Amino acid sequence: MVAGCGYLSDSGSGDQGPIVVGTTSAPSTLDPAGSWDGSWELFRNVYQTLLAYPNGATAPEPDAARSCAFSADHRTYRCELKDGLKFSNGAKLDAEAVKHSVDRIRAIGVQTGPAGLLGSLDKVETSGDKEVVFRLNKPDATFPFVLATPALSLVPPVDYPANSLRKDTRVIGSGPYRLDSYAQGEEAVLVRNSSYKGLADRKNDAVTIRYFQDSAAMVKSLREGRIDITYQGLAADDVVSLETKNDENKGLELHEGAGSAINYLVFNPKDPAANDIAVRKAVAQTIDRAAIAHKVYQDTVEPLYSMVPQGFTGHTTPYFDVFGEPDPGKAKKILDEADVSTPVPLTLWYTTDRYGSDTGLEFKEIKAQLDGSGLFRVTLKSRPWNTYVVGYEKGEYPVFGRGWQPDFPDPDNFIAPFVGQRNALGTPYDVKRITDVLLPRSREQSDRAEVVKDFQEAQRLLVEDVRLLPLWQGKQYLAADEDIAGGERSLDPATIMMMWELSRKTSW
């Protein structure tokens, strides 16, 4: 990752101007109660949570809270707030504001919103201005991780309605920055929040985030000096190009790190073909992940054979164990034995502006593989993210692509969000053994090393249904002007950029 320390005092970086960050991942909403997606990248920097991750940590620690602790049975979680907390508009951040922030998530109940993270929460209580008590309906050792996600961002009750989302472009939070201005799909201007009290040690006074439609335009802006660093969305061609030492890349640095983001297909049971398990198994038997990783992504991603990626407790390779190498002959046998006529018509949907510029090429490769087997006749369709979300929430897509970056660094977060009646996909998926036994049992374990067997079993159960088909696991790439420091510290365990870690070396 980016070399250099770049530690400055909290007085910031002087008159160097805002650090400008480029990304292809624009927010879908500015209200935390409405988002379980990449909008969190902005939320982390302008809102505050009770707990957060100090630099380099994989377990959350108190942020807006002074302290938090479980009861002995892991069914009650108490937090005491710090003194003197305020929102950016001067409103008091007290226990009632915390309760309001959590309660409205469930009251509003956006179908694919963050309410799915609160399945173990029974109710929120307050005791005075500073104590918040979370009563759980079952033991849940992962609950502190949930409280540390940007979904649980704290908002003032007067400004954020209890039963509806804010529709404007204002943000009133208590995070390291306040949102000074926002142009949807174009730019977010962040400036230091003078009333902030939390873990972030800000190395700069201001950050401007520029949103791009594709990687090529973003890299062009980097080379022309109009942005300082890229985050999220570098296409494979641009990664390879930036690795080359030439005049075009003079003064730029490319940094690679391990990633935990995954990409996968979702089969919608509302569609007759996608609901046929023989069709799903035949697709799984046909798709060549290695070809996608090499031909489309030029080995900037790795083939993935489980919904739980490498590097997480309990990771296995059940899709490879069951299906092995791609084999259209075996796929044909699966369809023949189920009396499925071929070619099977399938419509695959993808979003044009969420997971990077290579998504379209990836789906063209998937179509070529499936059509080339002679077993399928694939139609590709796409939409921008804002309308794409509406479509899968309504169950409109027979088969669709999704990506996932973990809400928190635990295997639970690669299983729980995708199963149950209410999940992050908008397509109910009941797996009673997982939802009623494995997840509750694993959540009783504070020592997460003790959950390996439960998550290995959960991964095997997902393969039996093939409702979800993992494709690849990404790596992290940052490209930056050589004058920018702090990139290696800027990604939290959920690979969300902590903008406050960035600084200019010339300001040391």
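A crossing of two helices is right-handed if the near helix is turned clockwise from the far one by less than a right angle. In this predicted model, the crossing of helices H4 and H5 is right-handed. The axes of H4 (residues 215-223) and H5 (residues 236-243) come within 9 Å and cross at roughly 25 degrees. Angles under 35 degrees count as roughly parallel, and H4 and H5 are therefore roughly parallel to each other. On the H4 side the contact is made by Ser 215, Ala 216, Val 219 and Arg 223, and on the H5 side by Asp 238, Ser 241 and Leu 242. Sorted by class, the residues of this contact are 3 nonpolar, 2 polar and 2 charged.

Strands E4 (residues 65-70) and E5 (residues 76-81) run antiparallel and are joined by 5 bridges. Within this pairing, Ser 67 of E4 stands opposite Glu 80 in E5. The hairpin of E4 and E5 has 5 residues between the strands, and His 74 takes a positive phi near 60 degrees there.

The structure holds 21 aromatic pairs. One of them is formed by Phe 312 and Phe 414, with 4.9 Å centre to centre and 70 degrees between the planes. Planes over 60 degrees apart count as edge-to-face, and the pair of Phe 312 and Phe 414 is therefore edge-to-face. Distant parts of the chain are linked by this pair, its residues being 102 residues apart. Phe 312 lies in the loop between strand E14 (301-303) and helix H8 (318-323), whereas Phe 414 lies in the loop between strand E17 (399-404) and helix H12 (432-442).

Methods
Residues numbered from 1 in each chain as written. Predicted model: local features only at pLDDT ≥ 70, side-chain atom pairs only at ≥ 80, totals over all residues. Heavy atoms only, no water. Axes fitted to C-alpha atoms, helices over the stretch in contact; angles between N-to-C directions. Helix = DSSP H or I, 4+ residues; strand = E, 2+ residues; numbered from the N terminus. Parallel < 35°, antiparallel > 145°, perpendicular 65-115°, else oblique. Contact = heavy atoms within 4.5 Å. Nonpolar A, V, L, I, M, F, W, Y, C, P; charged D, E, K, R; others polar. Pairing = 2+ DSSP bridges. Phe/Tyr/Trp six-rings, centres within 6.5 Å; stacked < 30°, edge-to-face > 60°.
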